[in-house]
Amino acid sequence: MAALDLAFEVFGTPGSQPPLLILHGFFASSRNWRQLAGKLAKHQQVYVLDMRNHGASAHHPAMDYPTMAADVRRFVDCHDLGVVNLLGHSMGGKTAMWFALNYPTYVDKLIVADIAPVSYSHSFASLIAALKALPLADLDNRKQAEAYLCAAIPELSYRQFLLQNLVLIDHHYQWRIDLDIFARTAHHIVAFPPALHLQPFTGPTLFISGARSAYLSAGQTQAQTLFPRAHFSQIANAGHWLHVEQPAAFLAEVGRFLQAPKQYLSPI
């Protein structure tokens, strides 16, 4: 598989801890993690990556977890980072898990936010269709785009999140992402490759879930099998977007895990 060079933002300076790589979710980008990355960079250098087909990274027709993990490996190698800590949310969490299972010598500690190493049954088809139907040529401002999408995507915060991918270039709105690629590959994002034949990742692992989300509980058994040193933590009053809904609690949980001695993180 052809690995891509990924766009990224970096925060902080190298320290005694391995650098932390943050991998965002589907439709997101590095910009969604800037504030949290800046706070986490007090203790280690933090790199926030734009995954392929997202943010400022290149577009490519292939997008699945093996290819995205290969991109991350290329990033670590090209930047001479050696061993890293990984934090991934949703799609980024699946990428981080696949990376740790296939390239375990690259990973010191692994943090997975509100996702499990399993395939889910939901579909992004109607969402992508709604975005593709947006009449870009008729838009004068983002408020109009929000209004057009209101019926298909009733949650305002989610509409605004998705519309971060709408950019104004030469006085014309266009999508920064390739919605055709997203439509063709979304089934890979919902899925997770067969993994039970792989050796479990035996490094310290933290699964953080939102108390109002069922994503992790749907696959906790497989998570425990593939990551036997995993600890499980839940954040109250949060759903799938736990790092946005409860950023202070999320940061505290991540910080405690990253700063803990590795022997403290052995299974009970």
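Modeller: Buried area is the accessible area that two parts lose on being put together, summed over both. In this predicted model, the two parts are domain 1 (8–120 + 191–264) and domain 2 (124–186).

Colleague: What area is buried between domain 1 and domain 2, and what share do carbon and sulfur atoms give?

Modeller: The area buried between domain 1 and domain 2 is about 1,400 Å², and carbon and sulfur atoms give 65% of that area. On the side of domain 1, Phe26, Phe27 and His59 supply 45% of the area buried against domain 2, more than any other three residues.

Colleague: How many residues does the contact take from each domain?

Modeller: Domain 1 gives 14 residues to the contact and domain 2 gives 17. The C-alpha centres of the two domains lie 26 Å apart.

Colleague: Which polar interactions are found between domain 1 and domain 2?

Modeller: Three residue pairs are in polar contact between domain 1 and domain 2, both residues of each pair being at pLDDT 80 or more. The side of domain 1 that touches domain 2 has six nonpolar, seven polar and one charged residue. Across the interface, the rule finds zero salt bridges.

Colleague: Why is Cys78 called partly exposed?

Modeller: Buried requires under 20% relative accessible area and exposed over 50%. Cys78 has 47% relative accessibility, and therefore counts as partly exposed. Cys150, at 36%, also falls between those cut-offs, so Cys150 counts as partly exposed.

Colleague: How many disulfides does a search of the whole structure find?

Modeller: The search finds zero disulfides.

Methods:
Residues numbered from 1 in each chain as written. Predicted model: local features only at pLDDT ≥ 70, side-chain atom pairs only at ≥ 80, totals over all residues. Heavy atoms only, no water. Domains from an automatic or database assignment. Contact = heavy atoms within 4.5 Å. Buried area = accessible area lost by both parts, 1.4 Å probe. Salt bridge = Lys/Arg side-chain N within 4 Å of Asp/Glu carboxyl O. Polar contact = N/O pair within 3.5 Å; in protein donor to acceptor, adjacent residues only side chain to side chain. Nonpolar A, V, L, I, M, F, W, Y, C, P; charged D, E, K, R; others polar. Disulfide = S-S within 2.5 Å. Buried < 20%, exposed > 50% of the residue type's maximum accessible area, 1.4 Å probe, protein only.
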